[in-house]
Amino acid sequence: NLINERVTGVRGAFFPNMHIQIPARVVYINGLKQVRSFAQENMKHSDSGAYRAMCSFLPGVAMTPFASVLEAVNAEQNPEPLWRRAFRGVVPRIGREIIFGLGINQLSDYCTERASWIPNTYVQQGVGSISAGIIAGFLSHVPHNLSTLKLQQPHVSYAAHWEKLYSRYLEYVPPTVVNLQHRRWLAQGMCIFFPIGVIRRSMQIGGTFTIINGTAYACRNQDWR
């Protein structure tokens, strides 16, 4: 809610509808890993780049309905029923979840492999997960902001929401740029590369990746006999 407050300007209640959030989060987190495991098994039987890409995107796409429910329970500005709220902003949310799924799975593995110089494998896993979380948070933040605004205010078009986002940056455009269209282009560029709330959300996602991947790694390496 603190992240959404930066975008909407309205603070919502902390921990709303936990009877819905807890089971949805359990399914969502486990689903990202289980769907990836299922997809990996299928990728072994194909050398097609398109097929492998589709399998990589699958965890994020498959978990979008659960992410939509989690977003909807926090959308207190929208008076619509929960099931209807969950469909609001779903287009950019799918893009956000694909990036999130790639980040927690493939990108975390890639960053962890790049951190092989660290002797402790748990620290190595943590550094890789934090790095992947920061990258995924940055890349997915503009779709997240659009999804949040559309969810809270479904009657407003995506174009109007985008204009609302980038118009905040017009005051930072140098006064030497006098052409209005050029000022808008610069403001849109700043909105894409320095989106509102990106630092807080990227840190949150880095922490989330570290907890989830660290727990999964510890469970895989634990002798349960």
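Start by selecting helix H10, residues 198-220. At 1.5 Å a residue, the 23 residues of H10 should span 33 Å, and the end C-alpha atoms are 32 Å apart, which agrees. The expected span is 1.5 Å times one less than the number of residues. Helices here are DSSP runs (H or I, at least four residues), as strands are (E, at least two), numbered from the N terminus.

A word on the model before moving on. This is a predicted model, where local features need pLDDT of at least 70 and side-chain atom pairs count only at pLDDT 80 or more, while totals for chains, interfaces and linings use all residues. Residues are numbered from 1 along each chain as its sequence is written, and side-chain values use heavy atoms, with hydrogens and water left out.

**Stop 1: along H10**

Stay on H10. Which residues of H10 are buried? Colour Val198, Arg201, Ser202, Ile205, Gly206, Phe209, Ile212, Asn213 and Tyr217: these are buried. Buried means under 20% relative accessible area, exposed means over 50%, and partly exposed is in between (1.4 Å probe, protein chains only).

Now pick Ala216, also in H10. Ala216 has a relative accessible area of 23%, so it is partly exposed. Draw a distance from Ala216 to Arg168. They are 48 residues apart along the chain, and their C-alpha atoms are separated by 41 Å.

**Stop 2**

Select Gly197, in the loop between helix H9 (180-193) and H10. Is Gly197 buried or exposed? Its relative accessibility is 11%, so Gly197 counts as buried. Draw a line from Gly197 to Phe138. The two are 59 residues apart along the chain, with 9.8 Å between their C-alpha atoms.

Follow that line to Phe138, in helix H7 (residues 121-152). Phe138 counts as partly exposed because its relative accessibility is 34%. What does Phe138 touch, leaving aside neighbours within four places in sequence? Show Ile192, Phe193, Pro195, Val198 and Ser202: Phe138 is in contact with them. Contact means heavy atoms within 4.5 Å. Phe138 and Phe193 are 55 residues apart in sequence, yet 8.3 Å apart from C-alpha to C-alpha.

**Stop 3**

Two packed helices are described by the angle between their axes and the distance between the axes. Axes are lines fitted to C-alpha atoms, for helices over the stretch in contact, and angles run from 0 to 180 degrees between N-to-C directions. Angles under 35 degrees count as roughly parallel, over 145 as roughly antiparallel, 65 to 115 as roughly perpendicular and the rest as oblique. A crossing is left-handed if the near helix is turned anticlockwise from the far one by less than a right angle, and right-handed if clockwise.

Select H2 (residues 18-43) and helix H6 (residues 90-114). They pack at about 60°, with axes 11 Å apart. That makes H2 oblique to H6. Their crossing is right-handed. Show the side chains: Tyr28, Leu32, Lys33 and Arg36 of H2 make the contact with Glu97, Phe100, Gly101, Ile104, Asn105, Gln106 and Asp109 of H6. By class, this contact has four nonpolar, three polar and four charged residues. Ala, Val, Leu, Ile, Met, Phe, Trp, Tyr, Cys and Pro count as nonpolar, Asp, Glu, Lys and Arg as charged, and the others, Gly among them, as polar.

H2 and H3 pack at about 165°, with axes 8 Å apart. They are therefore roughly antiparallel. The crossing of H2 and H3 is right-handed. The H2 side of the contact includes Leu32, Val35 and Ala39, and the H3 side includes Tyr51, Cys55 and Pro59.

Next, take helix H4 (residues 64-72) with H2. The angle is about 155° and the axes are 9 Å apart. H2 and H4 are therefore roughly antiparallel to each other. What is the handedness of the crossing where H2 passes H4? It is left-handed. Ile20, Gln21, Ala24, Arg25, Val27 and Tyr28 in H2 meet Phe66, Ala67, Val69 and Leu70 in H4. By class, that gives eight nonpolar, one polar and one charged residues.

**Stop 4: Lys33**

Finish on Lys33, in H2. Lys33 counts as partly exposed because its relative accessibility is 23%. Beyond residues up to four places away in sequence, Lys33 touches Ile104, Asn105, Ile212 and Asn213. Last, draw a line from Lys33 to Ala218. They are 185 residues apart in sequence and 14 Å apart in space, C-alpha to C-alpha.
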